[in-house]
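Please take a moment with the sequence and the structure shown here before reading on.

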Amino acid sequence: MTLEVRDAVVRYGAITALHGISFEVRDGEIVTLLGANGAGKTTTLRMLSGLHGVSGGQILFEGQDVTKTPAHVFTTLGIGHVPEGRRIFSQMTVEENLEMGAFARKGSTTDDLERMYETFPILKERRKQLGGNLSGGEQQMLAIGRALMGHPRLLLLDEPSMGLAPMVVETIFRIIGEIREAGTTILLVEQNAAQALRLADRGYVLENGRIVLSDAADLLLTDPRVRAVYLGEGAES
Amino acid sequence: MGAFGHYLVSHFSTLRLEFWGLLVGGVANGLIYGMVAVGYTLVYGVLRLINFAHSEIVMTGGFTSYFVLRGVIGTSIPNGWATVGVLVVGMVAGGVSGAVMAMLVERVAYRPLRRRRAPQLAYLISAIGASYFLFNLAGKEFGRVLLSVPQPYINHPIFSIFGAPVQLYYLVIVIASVGMLILADQFVGRTRLGRGLRAVAQDSETASLMGVDVNRTIALTFALGGALGGIGGFLLGLGTGVVYTMGFVPALKAFTAAVLGGIGNLRGAMIGGILLGVVESLSIAFVQPAYIDVVAFGILVLVLLVRPTGILGERLGRAA
Ligand SMILES: Nc1ncnc2c1ncn2[C@@H]1O[C@H](COP(=O)(O)OP(=O)(O)O)[C@@H](O)[C@H]1O
Ligand SMILES: [Mg+2]
């Protein structure tokens, strides 16, 4: 088992964002976490990376308790995080951004950089440009490449298709598939439910900080309740 | 020609006569401002915080190097290589004590606030509190009079620029500050830790996702700025002696230099420092020396009004 979350509670001051959620991600899976805006998807990923402490519950990564582990340790443990909004270091070059992904890792990054440039040829062209000058799609590729530089065994992706043109979204989803083929387990947060479910093995639906549905991806794809969320009818914000 | 015309003519002739001497002194002072300014600018770049206790880090460097040097040389007057040794010992003492004190201030006055996500105002009050605590403690422990190590060797002119004698003291300032500024610049721009520091400056949360220990990086930032501030304190003490309030005015001028160069910008701090030192020094040709501080802080107000982002603008995040 790659990841196990048991009854996790997260609060922002007086607001409870996650009311004790439980889910799991098995080795080699792509699991997608769906839900309307404000459901708690980003909070879940931030909790998994130690950016937000839990007020209750337990998180196990590869059997190890990481509930209280500080954020900067996770990349060394083997969890990569592609944050919502990409969060590229805009004043660093593309190459420096990629190097940042390997910050916690000892040794040379030359081979990894080459590999990233093979996966994302556009980044090679732009390697000397500042991250802030890239297009949205390029930034998303950079954010994914940056996370891969840390050699994650579990990759957390927060809405990688957000704000991108359909063709670019295609590319991003294709690359996510390839990353899994290469052996990385993936937890994918998306609002783009149809596309996420077509790629994923299993899915969870989050509503108001609670998991209300979980099933195999192909079954969720035909579920009327999922269709409601996917169409945004389930949004309460 | 009116009275003002006479004023200008007479003072410009003073300026012409004394230009090189004033320039050398101005550059030397300015380099010290620049070195102290780096401390402000680094901490601001990373925490968006003006560390108003930085003046006491300068003071710490001044006192520590004073006591260490007094212990090492006593009342004897070194010469030749011994002089170089004394200067190196003083620099190390100033730099190390400045770094340690800066980390201590961060640990005691700022980190607890960060953990509690305190508002910006709390940091300002904490900084002023730390500053008052430290300089009053120094005043009580070391007395409130100016102390100086007898160091006549330091005022020997060693060569001259266009007839203006350059003392060994100025040469020491140039070597120490230019060396430290280049070191700091390369550290931030080229090393792995420096890249971590820039990442924290840009987006500390994402930096932590990359494996950067944000608290350690902040401590490192204070240490680096503190080392330069402490060496600045040593150099100031060498020139004018040490006293518990010695950090106040130079640090305020360094802050001016940091704003002038664009706070958060390392190279800007150096340029701002030199510029301020030179303008201040050349203004001696036009105004009474007692007005020098008025000129310096007049510049601060003017810069804030005209170009709040300074000459180079804010950009620590970037590979300088
Ligand atoms: N920093 C914050 N402070 C207070 N409330 C927050 C904060 N971040 C998120 N929330 C709240 O937590 C809930 C979940 O947010 P989020 O995890 O961002 O949802 P999603 O990613 O599914 O859109 C929302 O109600 C949101 O308003
Ligand atoms: Mg979100």
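**The interface and the helices behind it**

Across the interface of chain A and chain B, nine residue pairs, both at pLDDT 80 or more, are found in polar contact, a term that stands for a pair of N or O atoms within 3.5 Å, where within protein one must be able to donate a hydrogen and the other to accept it, and where residues adjacent in sequence count only if both atoms are side-chain atoms. On the side of chain A that touches chain B, the largest share, four residues, is supplied by helix H3 (residues 94–101) of chain A, helices being DSSP runs (H or I, at least four residues) numbered from the N terminus. The residues of that side of chain A divide into nine nonpolar, seven polar and five charged.

This is a predicted model, in which local features need pLDDT of at least 70 and side-chain atom pairs count only at pLDDT 80 or more, while totals for chains, interfaces and linings use all residues. Residues are numbered from 1 along each chain as its sequence is written, chains are lettered from A and ligands numbered from 1 in the order in which they are written, and side-chain values use heavy atoms, with hydrogens and water left out.

Between chain A and chain B about 2,100 Å² is buried, 59% of it on carbon and sulfur atoms; buried area here is the accessible area (1.4 Å probe) that two parts lose on being put together, summed over both. In chain A, the residues that lose the most area to chain B are His72(A), Phe89(A) and Phe103(A), together 32% of what that side buries. The contact (heavy atoms within 4.5 Å) takes 21 residues from chain A and 19 residues from chain B.

Five salt bridges are counted between chain A and chain B, each a side-chain nitrogen of Lys or Arg within 4 Å of a carboxyl oxygen of Asp or Glu. In one salt bridge, the side chains of Arg87(A) and Glu205(B) meet at 2.9 Å, N to O.

Within chain B, Ser131(B) belongs to helix H4 (residues 120–142) and counts as buried at 7% relative accessibility, where buried means under 20% relative accessible area, exposed over 50%, and partly exposed in between (1.4 Å probe, protein chains only). The side chains of Ser131(B) and Glu56(B) are joined by a polar contact of 2.5 Å. Arg70(B), in helix H2 (residues 54–73) of chain B, is partly exposed, with a relative accessible area of 43%.

Terms used. Helix = DSSP H or I, 4+ residues; strand = E, 2+ residues; numbered from the N terminus. Nonpolar A, V, L, I, M, F, W, Y, C, P; charged D, E, K, R; others polar.
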